[in-house]
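The following paragraphs lead through a single protein chain.

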Amino acid sequence: MEATVEKTGTEGKVWGGGHNTPPLKASYGKLMMWFFITSDTLTFSAFLAAYGFSRFKFLDAWPIADEVFNHFPFLHGVDAPMYYVALMTFILIFSSVTMVLAVNAGHEMNKKKVTLYMFLTVIGGIIFLGSQAWEWKNFIKGTYGAVETRGGRIIQFVDTAGERVALADFAKPLPVVREAHEASNGLWYAADENPNPSFSLEEVKAGFAKNDNILVRLQNNAEEGGKVVLSREESLAIMNNQANLVVEGANLTRNEYGHPLFADFFFFITGFHGFHVFTGVVINIIIFFNVLIGTYERRKSYEMVEKVGLYWHFVDLVWVFVFTFFYLV
């Protein structure tokens with residue numbers, strides 16, 4: 001006995017769900033892009049929630065964003081808190097605008113405008129990636145330097161007016177040969193040994209003792225706002241009795257700006273977002289060249305531009321939340 005298969009009238013079509021109109025009146029490709037965006041939203045939400053819980057737990061030791069992200073290209077030594085990050089954000093949002101214009105031009109089957117706006121979107125993404133790499137470089141290198149105590153706390157240095165002071169401003173060079181272990185000069189080679197800082201702990205201590213106008217600032221928040229600044233006597237005591245090593249910049253282990261978890265989350269979340277931006281730039285370049293050679297003109301549809309546009313808008317929206325969590329709050 002043969003089985004009877006009911007015909008739906010949609011055989012041979014992309015959507016075979018039994019109805020003439022696809023769900024939400026969207027193509028299969030758009031639906032899959034929305035599914036991906038939804039799942040990726042949950043991932044970023046989990047990362048940012050973990051960041052929020054960690055910040056709340058270690059609120060006293062959390063860095064001050066205005067002191068961390070205060071660089072601007074070609075303005076060395078100028079305190080420009082958040083200016084460059086704001087510029088990065090504007091560039092990425094503007095690239096989202098050009099993507100909207102590209103999609104709209106695609107609906108009008110205007111190849112020339114699609115080409116122009118896709119090109120501007122790619123340029124915006126590349127500039128953002130370069131800016132993010134520049135931010136990473138400054139964050140890793142550090143600005144002022146700090147000292148870690150035996151208890152693992154970070155102590156920083158300020159003058160009597162409360163302004164941050166860099167180690168280079170007061171550290172006293174000592175005639176001591178400091179050489180890192182290498183395979184050629186040591187009995188054992190430490191592959192994970194950290195590179196020497198610019199100044200040894202002894203040089204920082206000596207310079208600090210010679211400058212009576214420099215004080216120690218703790219990680220803890222003061223009741224009147226800002227961080228706790230010790231008196232000169234308390235500063236000398238903590239430097240002489242608890243100072244353990246010099247910290248410059250930030251990595252996955254130590255962070256001159258405050259709690260190391262801040263650096264861990266910064267590298268992971270902004271790096272994960274940067275990977276998404278990089279992926280979007282690569283896809284946009286592929287779509288851009290397809291536009292140039294007339295692929296979508298022959299198809300009489302620029303839906304691929306619209307689909308990659310959904311991804312690009314998602315990446316921009318995620319950055320708004322990352323910018324808010326890391327830089328503004």
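Is Phe90 buried or exposed? With a relative accessibility of 54%, Phe90 counts as exposed, where buried means under 20% relative accessible area, exposed over 50% and partly exposed in between, with a 1.4 Å probe and protein chains only. Phe94 has a relative accessibility of 45% and therefore counts as partly exposed.

The model is predicted: local features need pLDDT of at least 70, side-chain atom pairs count only at pLDDT 80 or more, and totals for chains, interfaces and linings use all residues. Residues are numbered from 1 along each chain as its sequence is written, and side-chain values use heavy atoms, with hydrogens and water left out. The average pLDDT of the chain (the predictor's confidence in each residue, from 0 to 100) is 85, and 85% of the residues score at least 70. Over residues 187-193 pLDDT stays under 50. For that segment the model has 6 contacts beyond four places in sequence, a contact being heavy atoms within 4.5 Å.

A pair of aromatic rings is described by the distance of the centres and the angle of the planes. Here, rings of Phe, Tyr and Trp (its six-membered ring) pair if their centres lie within 6.5 Å; planes under 30 degrees apart count as stacked, over 60 as edge-to-face and the rest as tilted. By this rule there are 37 aromatic pairs. Phe90 and Phe94 form a stacked pair, because their ring centres are 6.2 Å apart and their planes stand at 25°. These two residues are 4 residues apart in helix H3 (residues 83-107), so about one helical turn separates them. Helices (H or I, at least four residues) and strands (E, at least two) are DSSP runs, numbered from the N terminus.

The pair of Phe266 and Phe326 is edge-to-face, because the centres are 5.9 Å apart and the planes are at 80°. Phe266 belongs to helix H7 (residues 260-292) and Phe326 to helix H9 (residues 303-328), so this pair ties together parts that are 60 residues apart in sequence. Both Phe266 and Phe326 are buried. Another ring, that of Phe208, has Arg232 over its face at 4.6 Å from the ring centre; a charge sits over a ring if NZ of Lys or CZ of Arg is within 6 Å of the ring centre and within 35 degrees of the ring normal.

Strand E2 (residues 154-159) has 5 of its 6 residues buried, so the rest of the structure largely encloses it. Strand E1 (residues 146-149) pairs with E2 in the antiparallel sense over 2 bridges, pairing being assigned if DSSP finds at least two bridges between two strands. Glu148 has Ile154 in E2 as its bridge partner. E1 and E2 form a hairpin with 4 residues between them, and Gly152 in the turn has a positive phi of about 90°. E2 also pairs with strand E3 (residues 214-221), in the antiparallel sense over 4 bridges; the bridge partner of Asp159 in E3 is Ile214.

Most residues other than glycine have a negative phi, and most peptide bonds are trans. Met82, however, has a positive phi near 70°. Met82 is in the loop between H2 and H3 and, at 11% relative accessibility, counts as buried. Lys300 is not a glycine either, and has a positive phi of about 60°. Lys300 is found in the loop between helix H8 (295-299) and H9, and is exposed, with a relative accessible area of 69%.

Lys141 lies in helix H4 and counts as exposed at 61% relative accessibility. Lys141 and Gly249 are 108 residues apart in sequence, yet their C-alpha atoms are 4.5 Å apart in space.
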